Amino acid sequence: MATVLLTDPAQPWVSALVEALAERGHTVETKGAACGEAWPAPRRRQAAVAVLSVGEAGPTVAQIAKLRAATGASVIVLIEAGNFLDRLEAYEAGADDCLSEPVRADRLVDAIEPLAGWWGRPGAEEADDVGAGCLPIERRILAALVDQAGRPVTVQQLIVEVWGPGRSDEEAVARLHLGSLRRKLAAARPNRWRLLTDATGYRLLPVSP
């Protein structure tokens with residue numbers, strides 16, 4: 001179960017989203033959400049996901065960092081009519097996921113579910129340790145690879161694990177961040193993991209001592 005923080009409760013999809021999330025056992029917070037004022041301290045130990053609507057303007061690093069610091073939440077950014085470059089900028093600013101508005105409630109639920117399960121997945125702790133200096137989206141990709149260490153993983157499998165179902169439009173984003181992750185691991189953690197590619201996909205291998 002996760003708590004979902006909505007920074008703009010006036011959005012037209014909110015009521016449908018709240019109902020859909022309740023059916024899956026999640027709860028929703030809206031009051032004071034923009035700065036985390038109403039976020040009860042005990043819930044910070046649970047999985048938390050914030051949905052940040054930014055309109056046509058892309059989010060800033062400070063904007064996402066402030067929300068994450070105040071709430072401890074993973075952050076989904078909604079950009080009005082966002083294109084590929086807009087989504088890349090959102091990920092570079094620290095977003096865990098990025099969707100274009102207008103957005104359907106069911107699509108948001110599918111994006112929230114992988115983030116809701118992030119804290120409980122086996123590779124998350126290793127990804128947070130090894131992935132220091134990586135973007136949040138790169139740490140989530142790393143966690144999915146750690147969970148399948150030694151086995152080939154296709155880009156399509158990673159997309160489902162990291163972004164959820166129905167997100168084939170993220171393939172270019174996934175490949176770009178996989179390349180970035182491989183370079184960062186080689187530079188910062190050469191004695192820990194190696195990320196290889198072959199005809200079957202990507203393979204994360206521990207480095208032998």
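Mentor: Start with the residues that line the largest cavity: Pro 114, Trp 118, Arg 121, Arg 140, Glu 161 and Val 162. Sort that lining by class and you get 3 nonpolar, no polar and 3 charged residues. The space inside comes to about 40 Å³, and the count of cavities of 30 Å³ or more is 1. Keep in mind that this is a predicted model.

Now look at helix H6, which spans residues 136-147. H6 packs against H8 at an angle of about 80°, and the two axes are 10 Å apart. That angle makes H6 roughly perpendicular to H8, because anything from 65 to 115 degrees counts that way. On the H6 side, Ile 137, Glu 138, Ile 141, Leu 142 and Leu 145 make the contact. H8 answers with Ala 174, His 177, Leu 178, Ser 180, Leu 181, Lys 184 and Leu 185. By class, that's 8 nonpolar, 2 polar and 2 charged residues.

H8, residues 171-188, also meets helix H3, residues 84-92. Here the axes come within 11 Å and cross at roughly 40°, so H3 is oblique to H8. The crossing is right-handed. H3 brings Phe 84, Arg 87, Leu 88, Tyr 91 and Glu 92 to the contact, while H8 brings Ala 172, Val 173, Leu 176 and His 177. The classes there are 6 nonpolar, 1 polar and 2 charged residues.

How values were computed:
Residues numbered from 1 in each chain as written. Predicted model: local features only at pLDDT ≥ 70, side-chain atom pairs only at ≥ 80, totals over all residues. Heavy atoms only, no water. Axes fitted to C-alpha atoms, helices over the stretch in contact; angles between N-to-C directions. Helix = DSSP H or I, 4+ residues; strand = E, 2+ residues; numbered from the N terminus. Parallel < 35°, antiparallel > 145°, perpendicular 65-115°, else oblique. Left-handed = near helix turned anticlockwise from the far one by under 90°. Contact = heavy atoms within 4.5 Å. Nonpolar A, V, L, I, M, F, W, Y, C, P; charged D, E, K, R; others polar. 1 Å grid on protein atoms, 1.4 Å probe; cavity = no way out; pocket = protein on both sides within 12 Å on 5 of 7 lines; lining within 4 Å. Points joined across faces, edges and corners; volume = space filled by probe spheres on them.
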